[in-house]
Amino acid sequence: MNISHVGGVVFDSVSDVASRFGIKGVNLIVELDGGLINSTYRVHVSETEFYIIQSLSPIFRKTVLEDIAVVTEYLANVGVVTPRLIKNIKTDGYCVVKDGKIWRAMTCVDGFSLDSTKADIYAYR
């Protein structure tokens with residue numbers, strides 16, 4: 001996975017979105033490539049506190065976030081560690097609309113992700 005630190009307009013835009021989810025004190029934003037349809041950023045508040053901010057593809061509507069919230073809440077309740085959506089501090093919804101784009105914020109889970117795999121064991125997990 002290639003990563004790049006963002007600055008300027010991108011930093012300001014992602015930092016603004018993060019603040020709308022109550023994420024304050026952003027000091028580093030790293031763009032994560034490899035995503036197939038969403039633009040994804042890891043937003044660092046400190047060395048140990050960071051979040052994922054995504055600009056969603058236009059194929060998604062806001063309602064998909066409610067579905068994700070229900071599924072991840074169920075998984076968490078049965079002991080599965082999963083990223084959790086963060087609510088918008090003004091509307092209590094799970095998204096922010098900025099410049100016509102739908103954005104979401106999530107907690108981060110330690111580990112790794114795969115864009116694709118040829119090994120059945122990874123697909124099974």
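Predicted model: local features only at pLDDT ≥ 70, side-chain atom pairs only at ≥ 80, totals over all residues.
**Entry 1, Val43 and the cores.** Setting aside residues up to four places away in sequence, I found that Val43 touches Val14, Ala18, Ile23, Val26, Leu28, Ile29, Glu49, Phe50, Tyr51 and Ile53. I then looked up the largest nonpolar core, which has 16 residues, and noted that Val43 is listed with Val14, Phe21, Ile23, Ile53 and Trp103 as having the most contacts inside it. For the origin of these residues I went through the secondary structure, where helix 1, strand 3 (39–44), strand 4 and strand 6 each supply at least two residues of this core. Helix 1 gives the largest share, with 3 residues. I also recorded a second, separate core of 11 residues, which includes Ile52, Leu56, Tyr94 and Ile102.

Next I turned to Ala105, which I placed in strand 6, the run of residues 101–107.

**Entry 3, salt bridges.** How many salt bridges does a search of the whole structure find? The search returned 3 salt bridges, and I went through them by residue.

I began with Asp16, whose side chain meets that of Arg20 in a salt bridge at 2.9 Å, N to O. Asp16 and Arg20 are 4 residues apart in helix 1 (residues 8–20), so about one helical turn separates them. I noted Asp16 as partly exposed, because its relative accessibility is 25%, and Arg20 likewise as partly exposed, at 30%.

The side chain of Asp16 also meets that of Lys98 in a salt bridge, here at 3.2 Å, N to O. Since Asp16 lies in helix 1 and Lys98 in strand 5 (residues 96–98), the pair ties together parts that are 82 residues apart in sequence. Lys98 has a relative accessibility of 16% and therefore counts as buried. I accordingly wrote down Asp16, Arg20 and Lys98 as one network, joined by salt bridges that share partners.

Another entry in the list is the salt bridge between Asp92 and Lys87, whose closest N and O atoms are 3.7 Å apart. For Lys87 I found a relative accessible area of 35%, so I recorded Lys87 as partly exposed.

Last, I looked up Ser57, which lies in the loop between strand 4 (50–55) and helix 2 (63–77). Not counting residues up to four places away in sequence, Ser57 touches Ile37 and Asn38.

How values were computed:
Residues numbered from 1 in each chain as written. Heavy atoms only, no water. Contact = heavy atoms within 4.5 Å. Salt bridge = Lys/Arg side-chain N within 4 Å of Asp/Glu carboxyl O. Buried < 20%, exposed > 50% of the residue type's maximum accessible area, 1.4 Å probe, protein only. Core = buried A, V, L, I, M, F, W, Y, C linked by side-chain atoms within 4.5 Å.
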